[in-house]
Amino acid sequence: MSESVYILGGGRTDFKRNLKKEGKTIRHIIIEAGKKAIDDAKIDPGEIQAGAVGNFNAGQFTKQLQLGAFIPEIDPKLRGIPTMHTEAACASGALSVLLGAEWIIGGFYDVVLVVGAEQQKTMSSLDGSDVLGAAADYHNEKPEYGDFMFPKLFGRIAQIYAEKYGATEADLALVAWKNYAHAKLNPLAQMRDADLTLDSASQVSDKNPHVAPPLKVSDCSQITDGAASLVLVSEKYLDKIGRDKNKTVRLFGYGHTTDYLPLDKKDAPTFSIARKAAEKAFRMANLAPRDLHGADVHDCFSITEIVAYEILGLAEPGKGVDLVKSGATTLPAVRPEKSKAPFQIPVNAGGGLIGDGHPVGATGVRQVFEAYQQLSEQAGARQIENAKRFLTFNMGGSLTTSVAMLWGRG
């Protein structure tokens, strides 16, 4: 990269909140998260030269678009800076991070504020699922899959995976159990107060019915209101303010790919186009999966995390279930027994989308904020020991848009 990109600060909101009940809107959380990132970066807001806002579908969820216009409300000194909105379904947030990073790499700006936000608790679950359907090939897939399209699309991915590799509902439950257990260590996670045993995650019950077999309620990510924000800066700016580059989190590499929109045109469960994003990121960073100390991957459903292991090279094709069974992706603090894996890589230490929450446009930014907290040793009870290399993987649609980023320090 011609210009290195660093994270100078970040912030997020509590994902357990219900903005409608608070009498607040998406405007309020964009402002709140943005202020937190600027305060954390310890810079004058007037130093910020541009802003990017990641959001999926505020137009339908909240009747509000033109979200970049809320950036100046964070601080009057931001009035007049250029802002842009990125949208790629659940990968909207990662694209806002990527846009900010590429502005810096290209030499356009030295300080960029990135915010990801979504307010989803504005309507019934049925209506909300229809809004989320816009991330699929709506006019072609809606007639086939009907209501609650996304659970059914990923239920189909789980069926394809099971037919090819023999995975069971109990295998999927391991991911859900792990991420709920991790969420209990995260004070801002949506499901931090929820208890999910492995038995209850494995069995169909009145409290945990099938949504789209083999997926049950516990296999699904949450409907969430929330925002996350980052201040990205150039190496030149770091030098200017006298910050130590070796102690500041840096972007090592990234990959971004787009596949066909409909699921039936993709090569599930291999998802070779998504794999290209990961390969690009590792190649740019000159790293391999075994060099990582942690990862935050897209687990909109439990099957997605297992597929992501294989897309990212953490496991061989068909071996994603073996990886989660080994305990390698579970934090030692919640691991029931010693891991049998050849290497350790805690995944979704903050709970992932299943446990932490999934405010769609914020998720990709929240993942990078998690990387920043882990790499700067600010993750508290969920801290990964000696974390120096961290991967984030955000995807939109049924593995349509994929963004892999590698972060590190030192």
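Gln 66 is found in the loop between helix 3 (58–61) and strand 3 (83–86), where helices (H or I, at least four residues) and strands (E, at least two) are DSSP runs numbered from the N terminus. The model is a predicted one, in which local features need pLDDT of at least 70 and side-chain atom pairs count only at pLDDT 80 or more, while totals for chains, interfaces and linings use all residues. Residues are numbered from 1 along each chain as its sequence is written, and side-chain values use heavy atoms, with hydrogens and water left out.

Although Gln 66 is not a glycine, its phi is positive, about 55°. With 65% relative accessibility, Gln 66 counts as exposed (over 50% relative accessible area; buried is under 20% and partly exposed is in between, with a 1.4 Å probe and protein chains only). Lys 42, also not a glycine, has a positive phi of about 60°. This lysine, Lys 42, sits in the loop between helix 2 and strand 2 (50–54) and is exposed, its relative accessible area being 65%. For background, most residues other than glycine have a negative phi, and most peptide bonds are trans.

Two cis peptide bonds can be visited next. One runs from Pro 213 to Pro 214, with omega near 10°, and Pro 214 belongs to the loop between strand 5 (210–212) and strand 6 (215–216). Another joins Ala 268 to Pro 269, with omega near 0°; Pro 269 is placed in the loop between strand 8 (249–258) and helix 11 (272–285).

Of its 10 residues, 10 are buried, so helix 12 is mostly covered. After helix 12 comes Gly 313, with a positive phi near 80°. The axes of helix 8 (residues 169–183) and helix 12 (residues 302–311) come within 8 Å and cross at roughly 100° (axes are lines fitted to C-alpha atoms, for helices over the stretch in contact, and angles run from 0 to 180 degrees between N-to-C directions). Helix 8 is therefore roughly perpendicular to helix 12, a term for angles of 65 to 115 degrees.

Conventions:
Angles under 35 degrees count as roughly parallel, over 145 as roughly antiparallel, 65 to 115 as roughly perpendicular and the rest as oblique.
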